[in-house]
Amino acid sequence: MTKITDHIKAANGKPIFSIEVIPPIKGDNLKSLLDNIEPLMEFKPPFIDVTYHREEYIERPLPDGTIQKIVTRKRPGTVGICSAIMHRFGVDPVPHVLCGGFTREETEDFLIDLHYLGIDNALVLRGDPAKPFTTFKPKENGYAYASELVEQVANMNRGVYLHEEDTALAPSNFCIGVAAYPEKHFEAENHDIDFEYLKQKVDRGADYIVTQMFFDNGKYFDFVDRCRQHDITIPIIPGLKPLSTRKQLQILPKIFHLEMPADLVRAVEACENDQQARQVGIEWSIQQSRELVAGGAPVLHFYTMGKADNIMKIAREVF
């Protein structure tokens with residue numbers, strides 16, 4: 001395994017292509033996910049992120065009138081997918097590691113399993129609220145903030161494990177990625193507070209940053225400048241998602257709390273169908289990608305959402 005930061009150094013300033021994939025819904029076949037990745041290997045991604053999806057709560061009425069609350073996971077299999085990616089493609093997987101849904105001990109066990117498999121990269125996230133809730137609540141004896149989880153992973157890298165303070169244990173070797181928001185995390189009171197939270201993650205051991213998706217490159221470049229002003233010097237990887245339907249003009253800003261540039265909005269609104277909108281999204285992302293490469297972005301990281309055809313068209317124009 002090679003660390004993400006070492007992949008960036010080895011590229012010597014040449015931009016790297018990478019993707020994020022989503023585990024299939026339980027019951028589906030892993031083959032379709034791997035088949036979607038296969039064509040993208042043309043662009044030699046040195047690493048692939050694999051998302052983790054926390055538990056969901058389903059309420060079912062019982063005959064006596066009471067409500068049964070059922071806990072379920074719709075997209076399990078992150079570790080298995082990481083292993084499959086390693087063995088089929090020889091590419092470094094980057095599993096997401098969440099605060100939500102885990103105790104500290106469960107987190108340590110999960111990280112130990114990754115370490116045993118030789119997976120030395122992890123993207124450390126707080127995670128979203130468990131569905132159908134809208135407010136994040138940590139599991140009892142879990143973490144409320146990603147910075148706390150970063151510190152636990154960094155401690156393991158120093159050989160410090162939970163409840164083993166007086167025992168000499170072998171250290172792990174995780175390269176720690178964290179998330180950031182060029183347009184501010186929607187829960188942060190303002191940009192300055194948001195940077196303080198990011199700085200906490202960096203100070204506690206983060207090695208690189210991956211941004212939330214954005215459609216205005218000015219947001220990314222301004223964000224990088226502000227990070228450097230806050231003495232955040234680690235690599236900052238832009239996260240990109242090509243727009244693919246007309247409906248996403250309304251959906252993406254609501255879900256991800258981002259702005260759509262006026263030129264993009266006008267171009268998509270002029271489309272007669274989703275096929276035309278998808279082409280507009282591809283062309284916009286190509287232009288975005290070229291500007292980001294020219295501006296020194298170390299990696300172009302694409303959120304595939306399970307599809308590869310539009311990413312293929314973009315990558316062929318940029319890499």
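Predicted model: local features only at pLDDT ≥ 70, side-chain atom pairs only at ≥ 80, totals over all residues.

1. Side-chain atom pairs count only at pLDDT 80 or more.

2. The largest nonpolar core has 92 residues. Ile 37 and Ile 85 have the most contacts inside this core. In soluble globular proteins, nonpolar side chains tend to be buried together.

3. What does Ile 37 touch, once its neighbours within four places in sequence are set aside? Its contacts are then Ile 19, Val 21, Ile 48, Ile 85 and Phe 89.

4. Rolling a probe the size of a water molecule over the atoms shows where empty space is left. Three cavities of 30 Å³ or more are counted in the model.

5. The lining of the largest cavity is made up of Ile 19, Val 21, Leu 33, Asn 36, Ile 37, Leu 40, Thr 304, Gly 306, Lys 307 and Ala 308. Strand S1 (16-21) and helix H2 (30-37) are the elements that give two or more residues to this lining. H2 gives the most, with three residues. By class, six of the lining residues are nonpolar, three polar and one charged.

6. Around the second largest cavity are Tyr 181, Pro 182, Glu 183, Lys 184, Gln 212, Met 213, Phe 256, His 257 and Leu 258. This lining has five nonpolar, two polar and two charged residues.

7. Thr 211 lies in strand S8 (residues 208-213). Is Thr 211 buried or exposed? With a relative accessible area of 1%, Thr 211 is buried, because buried means under 20%. Apart from neighbours within four places in sequence, Thr 211 is in contact with Ala 180, Pro 182, Tyr 220, Phe 223, Ile 236, Ile 237, Pro 238, Gly 239 and Tyr 303. Pro 182, one of these contacts, also lines the second largest cavity.

8. Gly 13 sits in the loop between helix H1 (4-10) and S1. Its relative accessibility is 73%, so Gly 13 counts as exposed, the cut-off being over 50%.

Notes: Residues numbered from 1 in each chain as written. Heavy atoms only, no water. Core = buried A, V, L, I, M, F, W, Y, C linked by side-chain atoms within 4.5 Å. Buried < 20%, exposed > 50% of the residue type's maximum accessible area, 1.4 Å probe, protein only. Contact = heavy atoms within 4.5 Å. Helix = DSSP H or I, 4+ residues; strand = E, 2+ residues; numbered from the N terminus. 1 Å grid on protein atoms, 1.4 Å probe; cavity = no way out; pocket = protein on both sides within 12 Å on 5 of 7 lines; lining within 4 Å. Points joined across faces, edges and corners; volume = space filled by probe spheres on them. Nonpolar A, V, L, I, M, F, W, Y, C, P; charged D, E, K, R; others polar.
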